[in-house]
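Here are a few exercises to work through with the model in view. Try each task yourself before you read its solution.

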Amino acid sequence: MLVHVTDEAIDPGDLAAGFYRRHPDAAVATFAGFVRDFNDEGNVDSLFLECYVEMATRVLTDLGTTAQERFGLRAWQIVHRFGQMETEDPIVFVATSADHRGEAFAGCEFVMDTLKTDAPFWKREHSGDEGQWVTVKAVDKDRRERWSTEGLDQ
Amino acid sequence: MTITVKFFSLIREAVETEQLTLELSDSLTTVEALKNELGLRGEAWSEALSHPNLIQAVNQRVVFQEEGIKDGDEVAFFPPMTGG
């Protein structure tokens with residue numbers, strides 16, 4: 001499955017092993033994101049990730065297809081968790097394969113940078129009894145914008 | 001015409017609603033007109049839907065508020081996304 005959006009636990013190790021078996025191409029890059037235990041204001045105990053599932057599936061599919069065309073990927077996979085999570089739980093897994101490492105790295109980074117601002121997920125971090133919706137960080141906007149300003153968009 | 005409207009995150013909390021199915025006049029033809037119509041439900045609605053960072057989607061695609069709507073469409077309102 002190229003795109004999987006799920007409220008069940010994901011295992012990046014199993015996902016990576018499966019991708020390597022199915023796509024033993026010259027260059028394979030993988031990325032896994034986990035729930036952090038801190039933010040700018042202190043400790044984070046848990047995370048609720050809200051999702052518009054139908055739209056997320058569509059956006060991630062479009063994103064993978066764009067990455068495949070733009071970087072000449074041979075294969076790709078995007079898996080994103082939503083719902084209630086604890087610190088250190090895996091949130092997201094991205095894998096890309098290509099004929100050369102540059103394309104595989106770039107494709108993986110492009111997917112992650114774009115996913116953070118374009119896919120309909122919303123993080124709410126909890127610390128003790130307090131919960132707070134996460135706002136978009138400038139660095140995430142900048143990283144997303146970088147892929148446009150380099151003139152490489154489709 | 002019948003329109004499904006969904007709300008997420010801060011917007012869902014502000015209007016205390018996840019989803020609505022609305023029977024609307026065919027003369028209501030844009031997302032902006034739908035926002036104005038929903039804003040008549042009260043201050044919480046008008047404030048949430050006039051938020052400067054509000055994003056709207058029609059049939060799971062992000063659009064400008066001038067986008068047209070038609071019978072059977074699914075419209076969603078939400079704040080900037082923070083996935084990954």
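What share of the 154 residues in chain A do buried residues make up? Buried residues make up 31% of them, where buried takes 20 or more other C-beta atoms within 10 Å of a residue's own, exposed takes 12 or fewer, partly exposed is in between, and C-beta atoms are placed from the backbone.

Some ground rules before going on. This is a predicted model, in which local features need pLDDT of at least 70 and side-chain atom pairs count only at pLDDT 80 or more, while totals for chains, interfaces and linings use all residues. Residues are numbered from 1 along each chain as its sequence is written, and chains are lettered from A and ligands numbered from 1 in the order in which they are written.

**Exercise 1. Get an overview of chain A.**

Step 1: Starting at the N terminus, the order is β-α-β-β-β-β-α-β-β-β-α-β-β-α.

Step 2: Check the overall build. The radius of gyration of chain A is 16 Å, close to the 15 Å from the globule rule for 154 residues, so chain A is as compact as a globular protein of that length. That radius is taken over C-alpha atoms, and the rule is 2.2 Å times the number of residues to the power 0.38. The C-alpha trace of chain A spans about 50 × 35 × 25 Å along its principal axes.

Step 3: Look at the contacts (C-beta atoms, placed from the backbone, within 7 Å). Of those in chain A with a separation of 6 or more, 76% come from residues 24 or more positions apart.

**Exercise 2. Trace the sheet that holds β6(A).**

Step 1: Write down the strand order. It's β1-β6-β8-β2 of chain A, an open sheet of four strands with mixed pairing; strands pair if DSSP finds at least two bridges between them. At the edges sit β1 (3-6) and β2 (27-34) of chain A, each pairing on one side only.

Step 2: Walk across it. β1(A) and β6(A) are parallel, with four bridges, and A:H4 faces A:V79 in β6(A). Next, β6(A) and β8(A) run antiparallel, joined by six bridges, with A:Q77 opposite A:A95 in β8(A). Last, β2(A) and β8(A), residues 90-98, form an antiparallel pair over eight bridges, where A:A27 stands opposite A:A98.

Step 3: See what packs on the sheet. Helix α3 of chain A (residues 101-118) touches β2, β6 (75-81) and β8 of chain A, and its direction makes about 150° with that of β8(A). Axes here are lines fitted to C-alpha atoms, for helices over the stretch in contact, and angles run from 0 to 180 degrees between N-to-C directions. As for β6(A), six of its seven residues are buried.

**Exercise 3. Describe the other four-strand sheet, β7-β5-β9-β10 of chain A.**

Step 1: This open sheet has antiparallel pairing. Its edge strands are β7 (83-86) and β10 (130-133) of chain A.

Step 2: Neighbouring strands are turned by 25° against each other on average, direction ignored.

Step 3: Zoom in on one pair. Six bridges link β5(A), residues 46-51, with β9(A), residues 121-127, in the antiparallel sense. A:L47 has A:E125 as its bridge partner.

**Exercise 4. Find the buried side of helix α2 in chain B.**

Step 1: List the buried residues of α2(B), residues 31-39: B:V31, B:L34, B:K35 and B:L38.

Step 2: Why do they fall on the same side of α2(B)? Because they cover an arc of only 100° around the axis, the arc being that of the directions from the helix axis to the C-beta atoms.

Step 3: Name the cover. It includes β1 (2-7), α3 (43-49), β3 (55-58), β4 (61-63) and β5 of chain B.

**Exercise 5. Work out how chain B meets chain A.**

Step 1: Count both sides. 14 residues of chain B are in contact with 21 residues of chain A.

Step 2: Find the elements. On chain B's side, α1 (9-15) and β5 (74-78) of chain B give two or more residues.

Conventions. Contact = placed C-beta atoms within 7 Å.
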